[in-house]
Amino acid sequence: MMSKSYARTIELPSENFFPNLKTARRFAMDIGGSLAKVAYCSTIQRRTSLVFDEENSDPDHIYNISEAEEVIIRLHFVKFETKYIETCLDFVQKNLIQSKPSFMKDKCIKVTGGGAYKYKDLITAKLGVEVDKEDEMSCLIKGCNFLLKNIPDEAFNYQRHGNPEYQFQGTDPDIFPYLLVNIGSGVSLVKVESENKFERIGGTSTGGGTFWGLGSLLTSAKTFDELLELASRGDHRSCDMLVKDIYGGSYPLIGLSGDVIASSFGKAARPNKDHDKVFSEEDIARSLLLCISNDIGQIAFLHAKIHGLRKIYFGGYFIRGHPFTMHTITYAINYWSKGEIQAMYLRHEGYLGAIGGFLKGTEEEDEEKYSWGEHFVGSSGLASPSQAGFMLGTSKSSKFDLLELDRLDKPLLPCPLLLDSASYIPDTVDLTKDADARQYWLQCFSESVETTWRQALKSQPSCADAERRAHQFRTKYLDRLSVLKENPCCYGSLTVRCLLDMSSQYLAENLFTDPYSQLKKFDNEYAMKFLVKHLAHIDSLSWHDRQLELTKGLLAGNVFDIGAKEIRKILDAGKFGFEEAKGRLQKRPWLFDDFDEWKERLLRQPPHKCAVIFCDNSGFDIILGIFPFARELLSRGTKVILCANSKPTLNDVTYSELMMVARHIAAIQSDIYHAMAQNKLVVMASGQGSPCLDLRLIDESLVRVMREQEADLIILEGMGRAVHTNFHAAFSCEALKVAVIKNKWLANRLGGDMFNVMFKYEKARRVSASTKLAS
């Protein structure tokens, strides 16, 4: 019976459709009437650099490096049409169960949605497991909460004629309360007040099923997407009766403009000379879509108003990221709320139930909480506004039906030093809005791929397949850049940070986790040779001269940024050392010059309790720039936390490398030794693996220590951390934002030139009453 009951004509290429299936460990499913979603967890093996100290090693070596294997945990979510469920289960059975016969033995899998009942016997027969049915609504809410908390740029509003069309919300740590409007066959409205407190407060039977059903009766379209395609080309005014059709214009006394729909399909019933008029299918579909969307929008607004909710998220099969559908819902909400409430959508709303079901299963087996980050290389993208819908089974759809998340080492939390984490936006320029900047940076990253792949190849000279993997990195990253050129909003807000992070992800996916490890080691060991002499010179200066020299050292060290194209050219051309870098610095007054205010603050006010320094590059930057600056703060009685990336990227110093550097410096410098011994100088991981800095998501241990030590000074060093991100960031403590502008285009944008200096000192700010009210 089963072989006759379900459609089987579908191709399932394992590499694209069920990635890493052979290492899958846990499954969950969400089976709806139209779409089914499979969630599973897998282990991924990657190469990485292991930094270690070795007794009796060469004293000139700070640390040693070896290639090591690391295992990461990845969540996969795959979406397909429910009619192909038997074929998909056969595929899982063949590629997973047969290769590991004991995998599913005596196991239960979580299944939610209507299919948990309809396909229970099929799942048991195919996979040999028990089906544990989970409540659909609770899974939906759990999945929604998870995405809103873990995925930056998950939520967005859609403005059809906006620039850009998609406006992303960012990550708000306080997501409750909100209204979730799930539009499937019917519509459910759920008020969500906390992780475990939610209530269905309303709904309507007029939903996606109504649109599809009536559309099938009124037009020749038989699929949902065919109907949407018709609607996108139609003109509802031929079918709908407008206010101006009744009154000859607007009705200002009650606030109705002439273009407002007075009666959906009203013109189809009017007995006049056009009574026998044949309405086009496109116009009928358009009128039907607006009729249903307007009603859903009004019902959603009224429930939000009754319950005092200002955030409304729409999801369900009716939405599916389809631009025209979102436009109609958005228009309805704007109309009924008079612009006070925005309709919000979710990039991965189709996976809410599957995520919720999977989380329920993991919580039963593992009580520990984790943070997750989106793996953009293997995740879906939003459709271009010019695209119609997409469905599995078409040639272009498979890449748009996947979501992947990587488990992070530790939970990540917002930085407690931010003035207002809810309104904080890390990125200085949104490339989705700035067309000139977008064109420049996409071209810049396209040109830099050649250098990156050569460095990747150079980093693994003994690997026979390194050239193939490096070529694969180059090809796939260039393909992604071309996608972003056509559809900048595809993966959320497009920024320099995102482009850098995507490059790192593609490198890691092709087993180049840390291609700059040997270069960083050389730079650290070379810079160490100059430290003692450099500190002696600093100590010989007067207090006033010393502050300027320390600042110039901080700036000169920051010049050595391998991520800057112009700097790579200078370094490749020949000898370029610390003194040469100081000579290239802009003469004072600098482009942004608050040095005198900073020096006055040090001179006239008590020492800071605790300074948190987010470090940038290896070599001269960390050793001759950061450590002398930190040593001066320590001499004033200020505790110092040096923060480094948890994961490698470019030539940025990592936590494990910085620990080795700090120990080596402590062995030759007594001030650093005593500060570390007394825990006045500590090295911590930031929780990040990017050249930029997103202070919405930093290591929970670092957050805890910042609070315990009452940190009152934050120092952001480098272009990535202080210019590309956090240029406008506001803090509740004092802040230093320090960088050398090493990109000519960016320098010109800021009103300067290459090697111009940014030294911004900002006093502690206070949250205004209006900000509190808005948040």
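What is the relative accessible area of Asp235? Asp235 has a relative accessible area of 30% and is partly exposed.

## Basis of the report

This is a predicted model, in which local features need pLDDT of at least 70, side-chain atom pairs count only at pLDDT 80 or more, and totals for chains, interfaces and linings use all residues. Residues are numbered from 1 along each chain as its sequence is written, and side-chain values use heavy atoms, with hydrogens and water left out.

## Salt bridges

The structure holds 50 salt bridges (a side-chain nitrogen of Lys or Arg within 4 Å of a carboxyl oxygen of Asp or Glu). One of them joins Asp235 and Arg237, whose closest N and O atoms are 3.0 Å apart. Arg237 is partly exposed, at 44% relative accessible area. The burial classes are set by cut-offs: buried is under 20% relative accessible area, exposed is over 50%, and partly exposed is in between, with a 1.4 Å probe and protein chains only.

## Arg46 and Glu70

Arg46 and Glu70 meet through their side chains in a salt bridge of 3.2 Å, N to O. Arg46 belongs to strand S2 (residues 35-52) and Glu70 to strand S3 (residues 64-81), so the pair ties together parts 24 residues apart in sequence. Strands (E, at least two residues) and helices (H or I, at least four) are DSSP runs, numbered from the N terminus.

Both partners count as buried: Arg46 has 12% relative accessibility, and Glu70 has 14%. A network of salt bridges links Arg46, Glu70, Asp409 and Lys647.

## Arg497 and Asp694

Another salt bridge is formed by Arg497 and Asp694, with the closest N and O atoms 3.8 Å apart. Arg497 lies in helix H15 (residues 496-509), while Asp694 sits in the loop between strand S21 (681-685) and strand S22 (698-699), so the pair ties together parts 197 residues apart in sequence. Arg497 is buried, with a relative accessible area of 11%. Asp694 is also buried, at 5%.

## A nonpolar surface patch

Leu214, Leu217 and Leu218 make a nonpolar surface patch of about 300 Å². Patches consist of residues with over 30% relative accessible area and no salt bridge; like charges are joined within 9 Å, and nonpolar side chains (Val, Leu, Ile, Met, Phe, Trp, Tyr) within 5 Å. Accessible areas come from the Shrake-Rupley method with a 1.4 Å probe, and for residues only the protein chains shown count as cover.

Leu218 is placed in helix H7 (residues 208-218). With a relative accessible area of 43%, Leu218 is partly exposed.
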